[in-house]
Amino acid sequence: MKILVPVKRVIDYNVKVRVKADQTGVDLANVKMSMNPFDEIAVEEAVRLKEAGIATEIVAVSIGVAQSEAILRTALAMGADRGLLIQTDQDIEPLGIAKLLKAVIAEETPNIVLMGKQAIDGDNNATGQMLSTLLGWPQATFASKVVIEGDEAKVTREVDGGLQTLGVKLPAVITTDLRLNEPRYASLPNIMKAKKKPLDTKSVADYGVDVAPRLKVLKVTEPPKRSAGIKVADASALVANLKTAGVL
Amino acid sequence: MAVLVIADHDGVTLRDSTLKVLTAAKALSADIDVLVYGAGSATVAAQAAKASGVRKVLTSESAGLNADIAEDVAALIAGLAAGYDAVAIPASASGKNFAPRVAALLDVSIISDVIEVIDAKTFVRPIYAGNALETVQTSDAKVVLTVRPTTFTAVAADGGSAAVEAASVPADFAGTRFVGEEKVTSDRPELGAAKVVVSGGRALGSADEFHAVIEPLADKLGAAVGASRAAVDAGYAPNDYQVGQTGKVVAPALYIAVGISGAIQHLAGMKDSKVIVAINKDPEAPIFQIADYGLVEDYKTAVPALMAALG
């Protein structure tokens, strides 16, 4: 069984994001970049399926700038077998990414696509669902547990009001939620080994799909700031303040 | 220009979030229809028909729709989309599950988590966990949006008298099977709609302590219970309680954070609350930087004192 794991290079989740003064976007200069945390969970799940003898090959794919090679190496160090970088300087929207991934999948023919439910930059939460739609494959989003039984994946999902379990026929697209697993740290020997694992680079043009943007970003601004209020001495002072504020 | 709003409901009651999405839809068009799909659609449709400004209510039920299978829901909506210029979907876990499919079926971009409608093609949405706001303009002929309900006021639940019609029923998608569900049942108000929310964090230390401290305070205030990601990850509270960037986004009149340090991703889910109270023994906790009222005290003494002061 082959698993394809799309991964995205994003601002590290610990970095405080700064909006550019000219309102054209977020300042990415000299900022620490990492693999999208939800994608890390997807890589981890794929590696666990391989360690359990269910998966035989894991291919990590990234679509982005040349430096995205670094996160593909991270995926390889965690246990993926092969990397594919589709290099572009364009910021491609979820629909375009889904179309590119569909073209990659036509070549790679994986049994499962495991990917993060959203990237923490655009916060769209859309690419997995769009990919599944374009492929005509079943989807199971927001996974907190994945069990493979024959040609079906039983996926427990985090939904409004609790958990839902779906059975999806493979091939399928599964997107990960936070509680699926805790990703491992790659060990130094594995980081060294990852440098020798195969990593192909292609261009968007190689796939002949339409990735033209549909959205124009008019501006990016800072949200209204909330300033700190007052410290209260004790619980009764708190209650008195809340009564004055009219919320009790 | 007509808009199709997808109703959010629990099979019995139309959720308040639907009324808020209707407000967003009104900024797009005066012609608004509502689709109520899934079990109980007739009961809920009767409520949607009364909402202010609704032209027509459509209903549809099938095995797949009743289980909220995204493939079936999206097929239904895409099939109806010919008659509309925009589809507005509540940004719930359910809505986020099927909305991108609708967009993909129509070959248009999805515009997620809209917090402001500038005009029929231009929208504001949060990116980077709400640390930046993006204003985007679409060039697509049809617009598919998910709308973050907390930033819109609700339209009046009464006064309308829209007609209710049955819509088509999609064939069940063969590849996906509903296996089961585990819903958290509670008599407390729903987290997304509650006027008061009491949330607990990692400082609580155990599920027992979470129950013993957070829940009585919530019940005293008639509040919903929330939790930080750390508390959910540690198993102190169910996933459905999570407030934050990737959990629920809430904006109650009063938000009380107990033993929550205030990680960016938690703040993203509650910073639009009207009044924020933070109780934490660490005076340096980031939560104090956005709290209107901060009480620097161990929750173990602060919460019982607060219960006593509330009488």
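Chain B of this predicted model contains nine helices and 16 strands. Its radius of gyration is 20 Å, which agrees with the value near 19 Å that a compact globule of 311 residues would have. Chains A and B meet in a contact that takes 64 residues from chain A and 70 residues from chain B, and two open sheets, one of ten strands and one of four strands, include strands from both chains.

**Overall build of chain B**

- Along the principal axes, the C-alpha atoms of chain B fill a box of roughly 60 × 40 × 40 Å, and 60% of the 311 residues of the chain count as buried.
- Among the contacts in chain B with a separation of 6 or more, 65% are made by residues 24 or more positions apart.
- Strand S2 (residues 31–37) of chain B has six of its seven residues buried, so this strand is largely enclosed by the rest of the structure.
- Strand S1 (residues 2–6) of chain B pairs with S2(B) in the parallel sense over five bridges, and within this pairing B:Ile6 stands opposite B:Leu35.

**Annotated domains**

- In an unreviewed entry, UniProt lists residues 3–182 of chain B as "domain: Electron transfer flavoprotein alpha/beta-subunit N-terminal"; this span is 27% helix and 33% strand, and its end C-alpha atoms lie 34 Å apart.

**The ten-strand sheet**

- The strand order of this open sheet is S11(A)-S5(A)-S4(A)-S1(A)-S6(A)-S10(A)-S7(A)-S8(A)-S9(A)-S11(B), and the pairing is mixed.
- At the edges stand strand S11 (199–203) of chain A and strand S11 (176–183) of chain B, each of which has a single partner strand, so one side of each is left without a neighbour in the sheet.
- On average, and with direction ignored, neighbouring strands of this sheet are turned by 30° against each other.
- Within the sheet, strand S7 (residues 139–149) of chain A and strand S8 (residues 152–159) of chain A pair in the antiparallel sense over six bridges, and A:Lys145 has A:Thr156 in S8(A) as its bridge partner.
- Helix H4 (residues 127–135) of chain A packs on the sheet, where it touches strand S6 (112–116), S7 and strand S10 (172–176) of chain A, and the direction of H4(A) makes about 65° with that of S7(A).

- S6(B) and strand S7 (residues 122–127) of chain B run antiparallel and are joined by three bridges, with B:Val124 in S7(B) as the bridge partner of B:Glu116.

**The side of chain A that touches chain B**

- Each of the following elements of chain A supplies at least two residues of the side that touches chain B: helix H3 (94–108), H4, S7, S8, strand S9 (162–169), S12, strand S13 (230–232) and helix H6 (235–245).
- S9(A) gives the largest share of this side, eight residues.
- By class, the side of chain A that touches chain B has 32 nonpolar, 17 polar and 15 charged residues.
- S13(A) and strand S16 (residues 293–296) of chain B run parallel and are joined by three bridges; here the bridge partner of A:Lys231 is B:Gly294 in S16(B).

**A mostly covered helix in chain A**

- Helix H2 (residues 69–78) of chain A is mostly covered, with eight of its ten residues buried; among these buried residues are A:Ile71, A:Leu72, A:Arg73 and A:Met78.
- The residue that follows H2(A) is A:Gly79, which has a positive phi near 140°.

Definitions and conventions
Residues numbered from 1 in each chain as written. Chains lettered and ligands numbered in written order. Predicted model: local features only at pLDDT ≥ 70, side-chain atom pairs only at ≥ 80, totals over all residues. Rg over C-alpha atoms; globule rule 2.2 N^0.38 Å. Buried ≥ 20, exposed ≤ 12 C-beta atoms within 10 Å, placed from the backbone. Contact = placed C-beta atoms within 7 Å. UniProt positions renumbered as here; feature names shortened; annotations may be inferred. Pairing = 2+ DSSP bridges. Axes fitted to C-alpha atoms, helices over the stretch in contact; angles between N-to-C directions. Nonpolar A, V, L, I, M, F, W, Y, C, P; charged D, E, K, R; others polar.
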